[in-house]
Structure formats: structure tokens, C-alpha cells
Amino acid sequence: MTEAEKRLWKHLRAHRLQGWPFRRQHPIPPYVVDFAAVEGRLIVEVDGGQHAGSERDERRDEFLASQGWRVLRFWNNDVLANTEGVLSRIVEVLKKPPP
């Protein structure tokens, strides 16, 4: 895991984020996602600069959305510099029912 993923996982693991259970490296064939709140149908991806403007990521997100998942993507530096803001955004999305 990257430093950003380690930091975020520290807050997501063991139901630490308002009781929501998250899984790390969760398989959703043909993909494996960074973090998933299965009950909330939410995927959280933490990306480095190599993902900027990635058409592959766009196709992946479209596929996951077609399977009923919501996808949030955060840059590594956002997680490291604004962890509380990232966590707030995750909670905000989880409070809304999945599509």
C-alpha cells in the first residue's frame, strides 16, 4: 500500500468510520478495488499522478457504476494533506442511499 492508502485504511478499518465496514483490496471481477463499503455500495480509490486523465480508469468506473457501485477517487496528496476532508466526503456519500 502507498502511504496515502495506509493512512486512509487506518481510518476505514474495523468499522472506525461511523460504523461502516470497509474491505481492502476487494475483488469485483474483473477488477480489484482499493477499498469497498459493500453495504453502502461505495468504492474508494486512492490514486497517484499516473492516473490523471486515464481512459482506463474511466472505463473501469463506468463498469463498476453499471454494477450498482458508486466510485470516489482521491489523489494521494489529498489523502495525505486533507485526511479529514476526504473522510467527510466518504461519509457524505455513504449517507445517501445507493442508486
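The model is a predicted one, and its secondary structure comes to four helices and four strands. Read from the N terminus, the elements follow the order α-β-β-β-α-β-α-α. The radius of gyration of the chain is 13 Å, close to the 13 Å that the globule rule gives for 99 residues, so the chain is as compact as a globular protein of that length.

**Overall dimensions and contacts**

- Taken along the principal axes, the C-alpha atoms of the chain fill a box of roughly 30 × 30 × 20 Å.
- Of the 99 residues in the chain, 40% are buried.
- When contacts between residues at least 6 apart in sequence are considered, 58% of them join residues that are at least 24 apart.

**The sheet**

- The four strands form an open sheet in the order β1-β2-β3-β4, and the pairing within this sheet is mixed.
- Strands β1 (23–28) and β4 (70–75) stand at the edges, where each has a single partner strand, so one side of each is left without a neighbour in the sheet.
- Neighbouring strands of the sheet are turned against each other by 45 degrees on average, with direction ignored.
- Strands β1 and β2 run antiparallel and are joined by five bridges, while a hairpin of two residues connects β1 to β2.
- Within this part of the sheet, Pro27 stands opposite Val32 in β2.
- Strand β2 (residues 31–37) also runs antiparallel to strand β3 (residues 42–47), with three bridges joining the two, and Phe35 has Val44 in β3 as its bridge partner.

**Helices against the sheet**

- Helix α1 (residues 3–12) lies across β1, β2 and β3, and runs at about 40 degrees to β2.
- Helix α4 (residues 83–94) lies across β2, β3 and β4, and runs at about 175 degrees to β4.
- The buried residues in α1 are Ala4, Glu5, Leu8, Trp9 and Leu12; seen down the axis of α1, its buried residues fall within an arc of 125 degrees, so they line one face of the helix.
- The elements that cover these buried residues of α1 include β1, β2, β3, α3 (76–81) and α4.
- After α1 comes Ala14, whose phi is positive, near 55 degrees.

**Nonpolar cores**

- The largest nonpolar core has 20 residues, and the members that touch the most others are Leu8, Leu12, Phe22, Phe35, Leu42, Val44 and Ile90.
- At least two residues of this core are supplied by each of α1, β2, β3, β4 and α4, and the largest share, six residues, comes from α4.
- With residues up to four places away in sequence not counted, Leu8 touches Phe35, Val44, Val46, Val79, Val86, Leu87 and Ile90.

**A residue in helix α2**

- Ala65 has its place in helix α2 (residues 55–66), where Ala65 is partly exposed, with a relative accessible area of 46%.
- Although Ala65 and Arg41 are 24 residues apart in sequence, they are 9.6 Å apart in space, C-alpha to C-alpha.

Methods:
Residues are numbered from 1 along each chain as its sequence is written. This is a predicted model: local features need pLDDT of at least 70, side-chain atom pairs count only at pLDDT 80 or more; totals for chains, interfaces and linings use all residues. Side-chain values use heavy atoms; hydrogens and water are left out. Two strands pair if DSSP finds at least two bridges between them. Axes are lines fitted to C-alpha atoms, for helices over the stretch in contact, and angles run from 0 to 180 degrees between N-to-C directions. Contact means heavy atoms within 4.5 Å. A nonpolar core is a set of buried Ala, Val, Leu, Ile, Met, Phe, Trp, Tyr and Cys residues joined through side-chain atoms within 4.5 Å. Buried means under 20% relative accessible area, exposed over 50%, partly exposed in between (1.4 Å probe, protein chains only). The arc is that of the directions from the helix axis to the C-beta atoms. The radius of gyration is taken over C-alpha atoms; the globule rule is 2.2 Å times the number of residues to the power 0.38.
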